[in-house]
Amino acid sequence: MAVLSDDQIQARVGELDGWDYAGGALHKDFKLQDFKGSVGFVNRLTPIAEEMNHHPDLAISWNTVTVTLTTHSEGGLTDNDFELAKQIDGLAS
């Protein structure tokens, strides 16, 4: 799996809703109703990540889940990161 160039990343970040690119990774905060909603969101996200065998870094803080995506094994962003970002966005809508 090829690591994307900075130009490819910048072009594709613009296609995502609310995701930021910093420090070699994609980041997005998802605001939920409360802690239970945050945990539920993570529980819905887990099967998708498992199916793709691509696991995001997650941080839960009461009503916010921060998702960070990068392909650790490749040392940067790949197509999988952008695909998973789109699928995660679908869970939040």
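Hi everyone, let's start with aspartate 81, which sits in helix 3, residues 79-92 (helices are DSSP runs of H or I, at least four residues, and strands are runs of E, at least two, numbered from the N terminus). A quick note on the source: this is a predicted model, where local features need pLDDT of at least 70, side-chain atom pairs count only at pLDDT 80 or more, and totals for chains, interfaces and linings use all residues. Residues are numbered from 1 along each chain as its sequence is written, and side-chain values use heavy atoms, with hydrogens and water left out.

So, what is around aspartate 81? Aspartate 81 is buried yet has no salt bridge, and the nearest side chain of opposite charge, arginine 12, is 8.7 Å away. Buried means under 20% relative accessible area, exposed over 50%, partly exposed in between, with a 1.4 Å probe and protein chains only. A salt bridge needs a side-chain nitrogen of Lys or Arg within 4 Å of a carboxyl oxygen of Asp or Glu. For charge, Lys and Arg count as positive, Asp and Glu as negative, while His and the chain ends are not counted.

The aspartate 81 side chain does have a polar atom 2.8 Å from the backbone nitrogen of threonine 78. Beyond four places in sequence, contacts of aspartate 81 (heavy atoms within 4.5 Å) include Leu26, His54 and Gly76.

Now to the loops. Serine 73 lies between strand 4 and helix 3, and is exposed, at 68% relative accessible area. Its C-alpha is 13 Å from that of glycine 24, 49 residues apart along the chain.

Finally, tryptophan 62 is in the loop between strand 3 (57-61) and strand 4 (64-69); tryptophan 62 is exposed, with a relative accessible area of 53%.

How values were computed
A polar contact is a pair of N or O atoms within 3.5 Å; within protein, one must be able to donate a hydrogen and the other to accept it, and residues adjacent in sequence count only if both atoms are side-chain atoms.
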